[in-house]
Amino acid sequence: MTLGFSPFLPWSFLAVLAAVMVLIAAFAFWRRIRGAWIRALAALCLLAALANPVFMQEDRDQLSTIVPVIVDRSQSQQTPERIKMTNDALAALKDRLAQFPRIEPRFVDAKDPAEAESPSTRLFAALHTAIADVPPARIGGAIFLTDGQIHDIPGVNQALGFDAPIHGLITGRADEFDRRIEVVRAPRFGIVNEDQQLTFRVVDDGKSPGGSAPVTVRMNGDEIATLQATPGQEIPLSFKVPRAGNNVLEFSVPELPGEVTSTNNRTVQLIEGIRQNMRVLLISGEPHSGERAWRNLLKSDASIDLVHFTILRPPDKQDGTPVNELSLIAFPTRELFVDKINDFDLIVFDRYQDRANVLPMLYYDYIAQYVQNGGALLVAAGPEHASESSIALTPLSSVLPAAPTGQMIEKPFYPRLSDEGKKHPVTRGLDGADQEPPHWGRWFRSVDVEPPQGQTVMVGADNHPLLVLNRVGQGRVAMLLSDQGWLWARGFEGGGPHVSLYRRIAHWLLKEPALEEEALTATASGRNLQITRQTLGDNPGNATIKYPSGRTETVPLTQSEPGLYRAEKHMDEIGLFQIANGNLTTLVHVGAVDAPEFKAMISTTDTLKPLADKTKGLVTRVASNGGGVTVPPILPVRGAVRSPDDQRLTIRMTDETVLKGINTLPLFAGFAGLAALLFVFAATWWREGR
């Protein structure tokens, strides 16, 4: 209770009045006037009444002590053991705190940012957000329930914004061990079939079992090497990029018993394959209108080294011209088809026919072996393919997907996509194919063939095969059963997409991954995962996603185009994902490969210890020897925490209160004040009467 004043008159007037009263009282005492002390008392009571003294009593409530509890829900905490340990410890901590009504806990789940490509555990950012509206004096301490892998811990000398203990309840066990593999240096691009260098290493966090670690290296799913790596040492790897486009180089080490997680036992490196020079051999059997279309297309690509021969004077031609007067180059058959045949990425026979002694029969067998061993062959056929000199009557027939009947189909037709062609990436979406008739010019003849092998992706008159694609051994063969593609190049009846068609055929023959008939691919943009399934069949069903944490999820694939099915999903984890559909699998890394969240997965007390020691806090593991969890009891203290307690979580209780109201009692109000004044004035009158 306190005494205050609520004067009826200004203080300046009361001060003048008090001065006058003091002078009068002093004069009275000096002259020894009878009753001076009674008169002075009456003046004092009058002055006090005018000052209106008031007794005031504040009505206050004690404020609660705020204790933020930051629960680490980052990806390093998502192992089954740590999830259970965290939940059990959190439940026990809630029971402990509930025993103190004046402690108000604030529980915050700290997760990886939803859009972060390189997530990290940022518990102190979550702490500052949780107490942003709380005065520092009300904060009694902060408790972190975490594995200790925190990436935003302030320095020991950095201000926290409050003066209270920092406690750490650490999940995991003291003797944890984890093995991981990481790529140290690697090229982003590589020239196809040329040696590339890469460096990787195996890292053992925690107590290493010692010895070497077997590392399996796969390129696009095929095993290319098995190495023994000493943990901590950088290991060089020499490899070749097998194809143009995206290549996935995968490294994996076996999971060891007792490891924290197998999530980081695999890693991938994406390498874009580049063809520096693609060597193409184009052989035209005779000059014709379509020859220039093929030559112009192949010469327009700066990355193609084109070797083109046109047979102008076959050996059986007898025109009487002396050989020494001919300015023609002899066809170097042995050099091309024996010595250097494997130097070519693609061989094109353009209206070529088997004339006597131009190409010995044995050489056709060499070409067939070239295809079987991974080579690419394109046959652009015309009337000669239906004749007795057709290359289909040579040993090359063993790799050709369609045998001629000996007849030509001579009638105008629109080249159309077959049902397979509408799904095949070589022909799907060709400009003009989505109309009927197709929005391109007509052709007028094609070679009639027996039912072909492989995929017939384009048909001609009366649905006869026009473009056939087939795989033979390790190689590929394409047959275009008409020589009138040049009509599109010349713009006849509006022309047609000859450039797109020819280029796609060539890239499919060269095994471009984007043109595979049956393929499962996955890409990541930020945390969005896109899955693409290419198929010539019906709906391939659902895709199965295996997360880095080990859990699996099934997502439906929705048709976006004929033969093309897609799915897209925002991922709540980062790391290496495995996608499966049927017998196809692929790997994709979502987020940054070197994210801090995966640099170390073992739990530790070392990160929080310096800050806890400075603030007189406690860092302890919650795992108990019996297999459960143990949470220390709460110790509330008044005032500043002066010494740490190694057995309890010290909480500094706040002295802060909130004012609810003020009760006032005026001393000269009502009958009591009136009685006091009457009494002193009556005493003055009585004294005067004496």
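Where is asparagine 193 found? Asparagine 193 sits in the loop that runs between strand 8 (189-191) and strand 9 (195-206). The points below take up this residue again, after some remarks on the whole protein.

1. The model is predicted. The protein has 690 residues, and 47% of them count as buried. Its secondary structure consists of 12 helices and 36 strands.

2. On contacts, the count covers pairs of residues at least 6 apart in sequence; 73% of these contacts join residues at least 24 apart. As for surface, the protein exposes about 33,500 Å², with carbon and sulfur atoms supplying 51% of that area.

3. Asparagine 193 has a positive phi of about 65°, although this residue is not a glycine. Its relative accessible area is 47%, so asparagine 193 is classed as partly exposed, the class that lies between the buried limit of 20% and the exposed limit of 50%.

4. Glutamate 493 also calls for a comment on its backbone: its phi is positive, about 50°, and it is not a glycine. The residue lies in the loop between helix 9 (486-489) and helix 10 (498-509). With a relative accessible area of 37%, glutamate 493 is partly exposed.

5. A cis peptide bond links glutamate 436 to proline 437, with omega near -5°. Proline 437 has its place in the loop between helix 8 (419-423) and strand 21 (443-449).

Key:
Residues numbered from 1 in each chain as written. Predicted model: local features only at pLDDT ≥ 70, side-chain atom pairs only at ≥ 80, totals over all residues. Heavy atoms only, no water. Helix = DSSP H or I, 4+ residues; strand = E, 2+ residues; numbered from the N terminus. Buried < 20%, exposed > 50% of the residue type's maximum accessible area, 1.4 Å probe, protein only. Contact = heavy atoms within 4.5 Å. Areas by Shrake-Rupley, 256 points an atom, 1.4 Å probe, with all protein chains shown as cover.
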